[in-house]
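Me: I would like to go through this model with you, beginning with a loop. Could you take my questions one at a time?

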Amino acid sequence: SVVGGYAFFYDNSFVQFQNLCAGLNISSGGVHSFQNSQLIFNDYSYLHILDTGNLFVYDNSSISLNADTFALISGGNTAFYQQSSFNINPDSYINITESGNLDTYDNSSITLSYSNILMTGGQFITHDYSFLNL
């Protein structure tokens, strides 16, 4: 969990969350991923961005949701910059609620592969030649 403060991943970092009890919960402060870093969520793990938490992904970095994982974005900001990507693979999903924001900039992408984005609030916006692959 990140509650206040920040976590930074640089220079080809690789972080993997592997089971039901593993995940990343950001309720304030933020997580920043730079320079080809990867955050990977497998086997029922989770990503939660809540309240005033922020997740920023830059410089060809990526986040992948694999094998029955989910992301809840109910507050704060989640943004992808400079050709970064968010890959939502089979049987995984993103739920955007309340005041959650999901934005892509600068040729970044979100790819859905047999997966879903559920929106019951918040916003999802693509900017500057970014795209959503369905």
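Predicted model: local features only at pLDDT ≥ 70, side-chain atom pairs only at ≥ 80, totals over all residues.

Me: What is the phi of Asn 12?

Reply: Phi of Asn 12 is near 65°, a positive value in a residue other than glycine. Most residues other than glycine have a negative phi.

Me: Is Asn 12 buried or exposed?

Reply: Asn 12 is exposed, because its relative accessible area is 55% and the cut-off for exposed is over 50%.

Me: And where does Asp 59 lie?

Reply: Asp 59 lies in the loop between β7 (54-57) and β8 (62-65). Its phi is near 55°, again a positive value in a residue other than glycine. Asp 59 counts as partly exposed, with 24% relative accessibility.

Me: Turning to the strands, which way do the residues of β13 point?

Reply: In strand β13 (residues 101-104), Asn 101 and Asp 103 point one way, while Leu 102 and Thr 104 point the other way. All of them are buried.

Me: How is β13 joined to β10?

Reply: Strand β10 (residues 77-80) runs parallel to β13, and four bridges join them. Phe 80 has Thr 104 as its bridge partner in β13.

Me: What about β16?

Reply: Strand β16 (residues 123-126) also pairs with β13 in the parallel sense, over four bridges. There, the bridge partner of Thr 104 is Thr 126.

Me: Last topic: which residues form the nonpolar patch on the surface?

Reply: Tyr 6, Phe 8 and Tyr 10 form it, with about 350 Å² of accessible area together. Phe 8 belongs to strand β1 (residues 6-9) and is partly exposed, at a relative accessible area of 45%.

Terms used. Residues numbered from 1 in each chain as written. Heavy atoms only, no water. Patch = residues over 30% accessible without salt bridge, like charges linked within 9 Å, V, L, I, M, F, W, Y side chains within 5 Å. Areas by Shrake-Rupley, 256 points an atom, 1.4 Å probe, with all protein chains shown as cover. Salt bridge = Lys/Arg side-chain N within 4 Å of Asp/Glu carboxyl O. Helix = DSSP H or I, 4+ residues; strand = E, 2+ residues; numbered from the N terminus. Buried < 20%, exposed > 50% of the residue type's maximum accessible area, 1.4 Å probe, protein only. Pairing = 2+ DSSP bridges.
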